[in-house]
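Q: I would like to learn how to read a structure like this one. Where should we begin?

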Amino acid sequence: MGVVLLDSSAIVGYIDHDDLLHRSAVKTIESAIRAGSALTISAISWAEVMRGAFSGHRDPAAVRQFVVDFGIEILPVDASVAERAAELQATYADRAWSGGRRRLRTPDTLILATADLEADVEVILAGDDQWRQIRGIQARVKLLREQRD
Amino acid sequence: MAPNVKNTNPGATGPAARSRISSKHQITIAKRPFQEAGFHEGDVVEVRALGRGRVELTSLDALFEKHRGQIGTGGEFGRAVRAFRDEWE
């Protein structure tokens, strides 16, 4: 694995032992780090996770420390990312692509566009199975699986 | 190596030891700090520069233990984050 981009669900899944993605996130993230992969996240995911932290789910300082300790780079949303996101959103504006489940949301497209334009990102680690249906993204979507006790 | 260098780091647990950086950027960690840090042969460590002339080695296992599953929210944290994204629906 080269550079791995973590979606918000992967970060929360790793730090919250009650999360349904926890075991899958632990296994996949730790394997990636041991294999020498660098980790990144989109600023969009960072906003979502920190909003959760500020809402009382986790000490914000501890979440920041997670990012620092693992050397996770936070990738910004710039004009190129916004334009690529707009292209994706237009392509997937219709619910039909997902079997009528839902549209591709703006944060989804901004995160996917970030991974697409960051040449070093090889894998997107996410919990949303719809992302695997998106075509034309240079990074591969690896799905975290829910595991119940 | 010259052991028993005076410890000037308040975070350190024992005296410092010295090692020379090889042409391949390799160093040997002296037995005492190696043991005191709880390192084992085969450990993978993260190496971080802390400024000019200082690096920090941290065992990956220690980092994993520090952050892995450190909270239990009954899944509320994940549900909240998913709800933030669904606001865009």
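A: Begin with strand pairing. Two strands pair if DSSP finds at least two bridges between them. Helices (H or I, at least four residues) and strands (E, at least two) are DSSP runs, numbered from the N terminus. One case is L5(A), whose bridge partner in β4(A) is I124(A). This is a predicted model: local features need pLDDT of at least 70, side-chain atom pairs count only at pLDDT 80 or more, and totals for chains, interfaces and linings use all residues. Residues are numbered from 1 along each chain as its sequence is written, while chains are lettered from A and ligands numbered from 1 in the order in which they are written.

Q: Which strand order does the open sheet of chain A have?
A: Strands of a sheet pair through backbone hydrogen bonds, either parallel or antiparallel. Here five strands form an open sheet in the order β3-β2-β1-β4-β5 (chain A), and the pairing is parallel. The edges are β3 (73-75) and β5 (140-143) of chain A; each has a single partner strand, so one side of each has no neighbour in the sheet. On average, neighbouring strands of this sheet are turned by 30° against each other, direction ignored.

Q: How many bridges join β1(A) to β2(A), and over how many does β1(A) pair with β4(A)?
A: Strand β1 (residues 3-6) of chain A is joined to strand β2 (residues 39-42) of chain A by three bridges. With strand β4 (residues 121-126) of chain A, β1(A) pairs over four bridges, also in the parallel sense. V4(A) shows both sides: it stands opposite L39(A) in β2(A) and opposite V123(A) in β4(A). L6(A) has I41(A) as its bridge partner in β2(A).

Q: What joins β4(A) to β5(A)?
A: Four bridges join these parallel strands. I124(A) has V141(A) as its bridge partner in β5(A). I124(A) is also the partner of L5(A).

Q: Which residues of α1(A) are buried?
A: Count C-beta atoms, placed from the backbone. A residue is buried if 20 or more others lie within 10 Å of its own, exposed if 12 or fewer, and partly exposed in between. In α1(A) the buried set is S8(A), S9(A), A10(A), I11(A), V12(A), G13(A), Y14(A) and I15(A). That is eight of the eight residues, so α1(A) is largely enclosed by the rest of the structure.

Q: At what angle do α1(A) and α2(A) pack?
A: Axes are lines fitted to C-alpha atoms, for helices over the stretch in contact, and angles run from 0 to 180 degrees between N-to-C directions. Under 35 degrees counts as roughly parallel, over 145 as roughly antiparallel, 65 to 115 as roughly perpendicular, and the rest as oblique. The angle between α1(A) and α2(A) is about 100°, and their axes are 7 Å apart. That makes α1(A) roughly perpendicular to α2(A). From α1(A), the contact uses A10(A), G13(A) and Y14(A); from α2(A), it uses H22(A), S24(A), A25(A), V26(A) and I29(A).

Q: How do α1(A) and α3(B) pack?
A: The angle of α1(A) with helix α3 (residues 76-86) of chain B is about 170°, and the axes are 9 Å apart. That makes the two helices roughly antiparallel. Contact means C-beta atoms, placed from the backbone, within 7 Å. S8(A), S9(A), V12(A) and G13(A) meet F77(B), G78(B) and V81(B). Ala, Val, Leu, Ile, Met, Phe, Trp, Tyr, Cys and Pro count as nonpolar, Asp, Glu, Lys and Arg as charged, and the others, Gly among them, as polar.

Q: How many residues does the whole contact take from each chain?
A: It takes 30 residues from chain A and 23 residues from chain B. On the chain A side, the elements giving two or more residues are α1 (8-15), α2 (22-34), α3 (43-57), α4 (60-69) and α6 (106-117) of chain A. That side has ten nonpolar, nine polar and eleven charged residues.

Q: What pattern does chain B follow along the sequence?
A: The pattern is α-β-β-α-α, from three helices and two strands. Of its 89 residues, 6% count as buried.

Q: Where in chain B is confidence lowest, and where highest?
A: pLDDT is the predictor's confidence in each residue, from 0 to 100. Strand β1 (residues 45-49) of chain B is lowest, at a mean of 89, and helix α2 (residues 60-67) of chain B is highest, at 94. Chain B has a mean pLDDT of 86, with 88% of its residues at 70 or more. For the complex, the predictor gives an ipTM of 0.86 and a pTM of 0.85. Where pLDDT is low, the predicted coordinates should not be read in detail.

Conventions:
Two residues are in contact if their C-beta atoms, placed from the backbone, lie within 7 Å.
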